[in-house]
Amino acid sequence: MWRSRFLKGAGCLLQGMSCSPCKPSHLSLWRYLSFCQPCLNPVLQHSFRAPTLYCFANWLRPAVGLYFCRTLRIDAKSIIDFPVQPLTVTDIKQYLRSKDIPFHDGYSCLHAPSIFLEPAPEGSGRENYSLFIDKTTGQFLCKETLVEGSWEDLQDCIEVMLNEGQKSISPNVLLGFPESLEEQEEIEMEMKEVQRIWSSSVPFSDLLEEEVQLVKTMFQIGKLTNATLKKFGVRFFKPTKSLVFPWFSGRDSGLRGVKLLSAAVKDDGRVVYTEATVPKVSSYHNLFGLPLMGRKDGEVVLTGREVDSMAVSQATGLPSLALPRGVSCLPPILLPYLEQFKKVTLWLGGDMRSWEASKIFSRKLGLKRCSLIRPGEFQPCPSEALAQGRNLVRIVKASIPAAHKSIVSFKQLREDVYGELANVEQVAGIQWSRFLELNRILKGHRKGELTVFTGPTGSGKTTFISECALDLCMQGVNTLWGSFEINNVRLAKIMLTQFAKQRLEENLDQYDMWADKFEDLPLYFMTFHGQQNIKTVLDTMQHAVYLYDISHVIIDNLQFMMGQENLSLDKFAVQDHIIGAFRKFATNSCCHVTLIIHPRKEEDDKELQTASIFGTAKASQEADNVLILQEKKLVTCPGRRSLQVAKNRFDGDVGIFPLEFNKASLTFTAPVKGKQKLRKVAVDKNNSTEETEEIEFKETSEKPVKSAKAKTKTVKGSAAGKGSTKGSTDGERKNQ
């Protein structure tokens with residue numbers, strides 16, 4: 001109510017003043033600048049060895065640094081909440097019809113005449129349909145005035161306009177006013193930094209020919225012509241030896257930001273690329289190449305990097321755009337700019353992660369209009385294809401439709417099968433950097449799977465899984481935490497301590513440094529705490545997947561969602577329903593779900609098994625992976641912990657390895673032993689005999705211990721079936 005009254009007063013005031021509308025921002029206010037960080041996108045982490053012709057190791061050292069600053073203000077975007085009644089496209093259409101506002105369906109948005117412009121003359125058709133309303137969230141954007149806001153904001157503006165009997169409303173009503181003088185100063189400083197970088201950068205036409213060749217060699221863009229670089233407005237920033245990609249938007253094509261791509265030579269001769277954006281990555285919504293698009297263009301090629309976009313444009317002549325965050329995320333705020341294209345070809349890179357991202361993004365864009373380019377030996381990323389002299393026109397024409405039928409033959413699956421066989425390591429998923437033994441058994445973290453994690457009460461399940469998720473998040477996995485057992489402040493404190501690997505209570509002077517780095521991780525938290533309804537949780541998860549392209553969700557824990565269900569129902573039936581819902585979500589959303597479930601009561605001297613998971617056998621049956629945190633309780637000292645992989649649907653490997661808990665950093669690590677024996681057990685199905693093969697691993701250690709205590713067991717295939725299915729054949733339920 002207060003919002004409507006405020007807008008009503010502001011609208012009357014602005015209409016009466018007849019002030020000329022100043023150009024508003026279609027993005028959220030810039031909060032602070034980004035600092036140079038390693039690219040999380042595997043496509044950008046490629047490397048090459050410098051040719052002997054050029055020696056630019058010293059030339060890459062920056063002469064001066066960029067001016068970066070920070071603020072201690074909390075970023076509310078890291079907290080994900082969801083309304084009690086989720087908005088549907090039916091609700092949006094019914095409201096627009098009730099207000100006599102015409103609209104028509106788009107691919108991902110509804111198109112309506114903008115209420116922030118004077119009505120178009122009759123007979124102009126759809127030329128004035130410049131207001132785009134997201135079908136999923138209700139978020140709107142006027143492409144002419146660049147006014148944007150939530151569905152509630154649009155409703156308030158419509159109510160004010162109709163109550164005043166007006167046909168339009170001033171766009172100034174929804175201008176975002178800074179909260180404080182400090183924020184105004186930050187915005188001004190950021191824009192000054194953008195202008196400073198841009199004015200100090202040099203067009204390639206002003207560089208010496210020797211410098212141009214050196215830069216092109218350094219960034220592997222030797223086949224890109226100077227005309228293409230000039231067409232896209234690319235410059236070179238000499239102080240940091242970086243390519244500068246501009247962000248132009250608005251009717252006046254004003255400069256809104258820049259992205260700097262830098263290169264650094266490692267000791268082994270590899271060149272590693274890093275990116276920095278002004279403003280921060282979360283506020284950098286630049287579709288690189290958008291100013292070059294024409295109103296009548298009906299086809300576009302989406303790429304994951306700016307250099308790929310230029311390569312496609314030069315080689316094919318097709319309109320090409322580069323996503324601002326590569327394969328990690330497609331922000332919904334960009335969808336209105338892609339509505340005009342009837343065909344969208346996604347060529348995000350040459351690896352399996354790019355292929356998975358293409359399939360996910362095509363759901364947002366509309367499957368029927370999207371085509372995908374499958375990565376392979378003869379279809380690398382566009383810039384590499386151009387460098388190798390391949391025919392990019394033929395590759396684009398060979399793209400496959402994103403939509404498929406419910407029934408397919410092996411002919412349609414043939415290329416997918418070959419892709420998995422040819423890219424074994426990439427198909428295995430993202431590797432953990434802190435848990436190498438987990439990589440050896442599980443092979444990696446994969447999308448679309450359900451992992452069930454259990455362990456004794458007080459053994460450190462939340463602490464372990466938070467570090468495990470943090471490890472993946474640091475490698476660019478967009479992560480959503482649903483902690484119903486402990487609040488978000490305590491969970492963030494645990495994860496920050498694990499991130500810094502030290503007690504920050506004793507090093508408060510380093511807090512800002514570590515908090516700045518931690519803040520840039522793609523990590524989000526649900527606001528739920530305590531018992532929650534499963535439908536509300538699933539709606540929130542789906543909302544987060546759409547907005548932030550979440551690929552890993554952690555639910556801690558299952559029991560906290562069972563109290564809100566119908567008490568008249570059997571609790572085991574309720575649990576089976578919840579597990580089935582999470583299984584369906586993981587598959588349909590191509591998102592990995594880690595579900596923590598408490599075990600049933602067991603005697604302290606017994607190890608947990610798959611049958612120890614609370615409830616029926618559905619949890620272990622639906623799960624792709626079952627992890628058990630084992631703890632052997634001791635009287636004189638803390639218990640010895642180990643992690644057991646009891647189920648691995650990917651390739652069948654299971655096993656157990658020891659863990660050591662560091663209380664100062666709240667981290668788990670596999671202990672380093674002097675000598676380990678890896679025991680592999682293979683079962684002969686015909687004779688039911690076991691063949692054991694022992695392989696010795698020698699590792700350096702200051703204090704060698706007995707190898708028997710550090711034994712790591714791995715069971716292959718059906719040998720694990722006895723333990724993993726124990727208790728499942730006795731019945732559907734387990735006694736408490």
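Modeller: Asp549 counts as buried, because its relative accessibility is 8% and buried means under 20%. The model is a predicted one. Asp549 sits in the loop between H17 and E21. The phi angle of Asp549 is near 50°, a positive value in a residue other than glycine. Most residues other than glycine have a negative phi.

Next come the helices. Helix H17 covers residues 534-548 and helix H18 covers residues 571-589. Two packed helices are described by the angle between their axes and the distance between the axes. For H17 and H18, the axes come within 11 Å and cross at roughly 10°. H17 is therefore roughly parallel to H18, since angles under 35 degrees count as roughly parallel. On the H17 side, the residues in contact are Ile534, Leu538, Met541, Gln542 and Val545. They meet His577, Ile578, Ala581, Phe582, Phe585 and Ser589 of H18. By class, this contact has eight nonpolar residues, three polar and no charged.

Strand E21 spans residues 552-556, and the loop between E21 and H18 holds Asn557. The peptide bond joining Asp556 and Asn557 is cis, with omega about 5°. Most peptide bonds are trans. Another cis bond runs from Val278 to Pro279, with omega near 10°. Pro279 is in the loop between strand E12 (271-278) and strand E13 (299-303).

Asp100 also has a positive phi, about 55°, although it is not a glycine. The loop that holds Asp100 runs between helix H2 (89-98) and strand E3 (104-105). Asp100 is exposed, because its relative accessible area is 69% and exposed means over 50%. Asp549, by its 8%, counts as buried.

Lys143 falls into the class in between: it is partly exposed, with a relative accessible area of 27%. Lys143 is in the loop between strand E6 (140-142) and strand E7 (148-149). Leaving out residues up to four places away in sequence, Lys143 touches Ser130, Phe132, Pro336, Tyr337 and Gln340. Lys143 and Phe132 are 11 residues apart along the chain, and their C-alpha atoms are separated by 7.8 Å.

The largest cavity holds about 110 Å³ of space. The lining of the largest cavity has 15 residues, and the closest to its centre are Trp432, His445, Thr451, His592 and Thr594. Helix H14 (461-473), strand E22 (592-596) and strand E23 (625-632) each supply at least two residues of that lining. The largest share, three residues, comes from H14. By class, the lining of the largest cavity has six nonpolar, seven polar and two charged residues.

The second largest cavity has a volume of about 70 Å³. Its lining has 10 residues, and the closest to its centre are Trp247, Ser249, His285, Leu287 and Leu290. These 10 lining residues divide into six nonpolar, four polar and no charged.

Conventions: Residues are numbered from 1 along each chain as its sequence is written. This is a predicted model: local features need pLDDT of at least 70, side-chain atom pairs count only at pLDDT 80 or more; totals for chains, interfaces and linings use all residues. Side-chain values use heavy atoms; hydrogens and water are left out. On a 1 Å grid over the protein atoms alone, a cavity is a set of points where a 1.4 Å probe fits but cannot get out, and a pocket is an open set with protein on both sides within 12 Å along at least five of seven lines; lining residues have an atom within 4 Å of a point. Grid points are joined across faces, edges and corners, and a volume is the space filled by probe spheres set on the points. Helices (H or I, at least four residues) and strands (E, at least two) are DSSP runs, numbered from the N terminus. Ala, Val, Leu, Ile, Met, Phe, Trp, Tyr, Cys and Pro count as nonpolar, Asp, Glu, Lys and Arg as charged, and the others, Gly among them, as polar. Axes are lines fitted to C-alpha atoms, for helices over the stretch in contact, and angles run from 0 to 180 degrees between N-to-C directions. Angles under 35 degrees count as roughly parallel, over 145 as roughly antiparallel, 65 to 115 as roughly perpendicular and the rest as oblique. Contact means heavy atoms within 4.5 Å. Buried means under 20% relative accessible area, exposed over 50%, partly exposed in between (1.4 Å probe, protein chains only).
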